[in-house]
Every structure is written in C-alpha cells, then in structure tokens.
Amino acid sequence: MTRFRPFAAALILAAALPVAASAHPPIAAEEAAANFERDRADILAMAGNYHVGFNMQESTRWDPTYEVLEPKRSGGNEVVRVIEDTGRRIVLQHMLVITDDNDKTFVIKHWRQDWEYEPARVLVYADRNRWQWEDVPEKMRTGRWSQTVWQVDDSPRYGGWGQFETQAGIRRWRSNWTWRPLARRDAVRNPAYDRYYSINRHQLSPDGWIHWQDNTKMGIKGGKLVPIVQEYVLNTYIKYDDYDVKAADDYWAATRDYWAAVRAEWDRVAREKGGIAIEEQADTGTVVSGRLLEIADEVQERKLTTAKAIAEAKKLIETNTKTL
C-alpha cells in the first residue's frame, strides 16, 4: 500500500496538485470477470434505511503550531436509494430524515455516490473552485470501479478509482489517494488547511456498512502546500427503519425528475467545459447550492412546476460555471 509520508515527500506548489496513484497491480481479466457480480452486489447492498453515526477525529499534527480539534460525533437517520443501475454503472442517492422537537419531519437531500466499472477517466478535485478530468491508467482499468461523490446540489465533491479486495477475511473497496475540498464542518471555521488528501474505503458489515476515510489536511504556508494534521473519519450505517422512511421516498418521488435534469446539466458542463469550475462557498458547498435545494422544495410543495424549476436550475449552473 502506498503511504503518504508528509516529512519524506517534497513540498508541492498549491497551483499544481500531484496526480493521485495506487500501488496495486493490474487485475487479470479472468479475475475481474469472476468478481464482477460480487462487486455489484456489495455496492447495491449499501442501499437501504439506516441510522448513521458520523465520527471524526483529528489525530497527529504535522504542523507543530496547530491545535488538534476535539473529536466530533453526530448522527441521524438516512435513506439510501438506487436511482440508476445499468449494470456497469450504479448511482446511490442519500437522504437525511430529520424530526424536530415538534415531531415535524424534514428531508434533506444528502450526498450521492456514482460507481462506474472500468472507467477511462474520473472527475476529480483539482484545486480551489475546480474539478477536472483525470485519466485512469489503461492497465489499471480492468476489474476496477470508480466512485464519484457529489454534494447536496449534485455538484462534484471528489472522485477516485480502486478495487475490491479481501484482507483478514474482510472485503472492502479501497480508493487511490484523492484530493477533496473542505467539508462544511471545516470550511465554516476558516482553518489553517484548505483541502484534504485522502484514501476512501467502503465495506459491508453484519449490521449494514461502514465508510471510513484517512484524511491528511493540507494548507498553504510560505506559498507551498504542506500537511497540517491527520484526521480519521468513520461513518457507520446501521440498518434501522423506525422513523419516517416514507417522507424520504415521497420527497424523491416529487423531485426526482428535477434532480435528474440537474445531474444531466452538471454532466453537460463537465463534458463541454472540460470539467467544472464554480466558486465554493463555506456554508453550502457551492454558490448555487442553496437555491438549487430551495427549488426542489418548491417543486415538492407545488409552488413551482418541474419544467420551470429545471429551466431555472440550468441557468444557475450555466451562468456560474466557467470553461477550464
């Protein structure tokens, strides 16, 4: 396994992030074919109804002047649905279901994960306000899956490629090293770091599944990008449906055509503009995120037709993105 060693690695310029890599050898075609359906089953098994625990802990500080944050834990109820499955491509949509003190239920469209088998390229985070296409080395495509993670407004967050593997009797998907923008929990604090360099893992458990991340938080000092602190994130998805699951399914039934058009528009921009360049905003992810989510609410409440909602969303995305 390639390990990122901050003190051994040369410091890198902020304007030129290195291409993330993997030390795993190529997968033989026979092995890939034998594992394809098992890979698919593991991805599809992440769909369901869950109680989620979000556990974040900064550990080793690489910058001696940095004060390590106290561990943070939170949680909630989350519905995960398969919204596309073509065989070699699977899309999972997450939705948070929140009940307030007055027993009123709210649905918040959460993140999305797209899985693609043997991809030629992946949309990855490149630098502040910019996501660009990165080719997957041809010899590393066979038998591998990419995972692209999208934010609440279906704008990109990060992407990577990797393989399913079994170690110590546990099967998991492991990504290559990937760059990521700050999560809102960090961005709103204006911290000493402004991006993460990460490995991403997904694995099934008897109770559901886990998503865990190894994040090196990086910041610019003296004009160079340097490691600030290490963070470990473990998100546990435990099978659970003693909450208003129907609220999430009702939300999706009312808004899925709108969100399908939004996804298609982000895809068009990425394809025609050479990637996606849009201003990041600390509290929402992107500058258009708040309004895109409001539009969906207005569609569900029948204050806005789906056609008008789509037209407004397309205009927002087009006018706020640039050609790379």
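Predicted model: local features only at pLDDT ≥ 70, side-chain atom pairs only at ≥ 80, totals over all residues.

Biologist: How many helices and strands does the protein have?

Modeller: The secondary structure consists of five helices and 17 strands.

Biologist: What does the radius of gyration say about the protein?

Modeller: A compact globule of 324 residues would have a radius of gyration near 20 Å, and the protein has 20 Å, so the two agree. Along the principal axes, the C-alpha atoms fill a box of roughly 55 × 50 × 45 Å. Of the 324 residues, 52% are buried.

Biologist: How is a pair of aromatic rings described?

Modeller: One gives the distance of the centres and the angle of the planes. In this protein there are 14 aromatic pairs. One aromatic cluster is formed by Phe-36, Tyr-117 and Trp-145.

Biologist: Which charged residues lie over the face of a ring?

Modeller: Here a distance from the ring centre is given for each case. Arg-121 lies over the face of Trp-133, at 3.8 Å from the ring centre. Arg-180 lies over the face of Tyr-158, and there the distance from the ring centre is 3.7 Å.

Biologist: Where is Ala-282 found, and which residue is 5.8 Å from Ala-282 in space?

Modeller: Ala-282 sits in the loop between β16 (280-281) and β17 (285-286). Because its relative accessibility is 35%, Ala-282 is also partly exposed. Arg-184 is 98 residues away from Ala-282 in sequence, but their C-alpha atoms are 5.8 Å apart in space.

Biologist: Which residues other than glycine have a positive phi?

Modeller: Asp-103 is one of them, with phi near 65°. Asp-103 is in the loop between β4 (89-99) and β5, and a relative accessible area of 65% makes Asp-103 exposed. Arg-302 is another, with phi near 60°. Its place is the loop between α4 (289-300) and α5 (306-319). Arg-302 counts as exposed because its relative accessibility is 78%.

Technical notes
Residues numbered from 1 in each chain as written. Heavy atoms only, no water. Phe/Tyr/Trp six-rings, centres within 6.5 Å; stacked < 30°, edge-to-face > 60°. Lys NZ or Arg CZ within 6 Å of the ring centre and 35° of its normal. Helix = DSSP H or I, 4+ residues; strand = E, 2+ residues; numbered from the N terminus. Rg over C-alpha atoms; globule rule 2.2 N^0.38 Å. Buried < 20%, exposed > 50% of the residue type's maximum accessible area, 1.4 Å probe, protein only.
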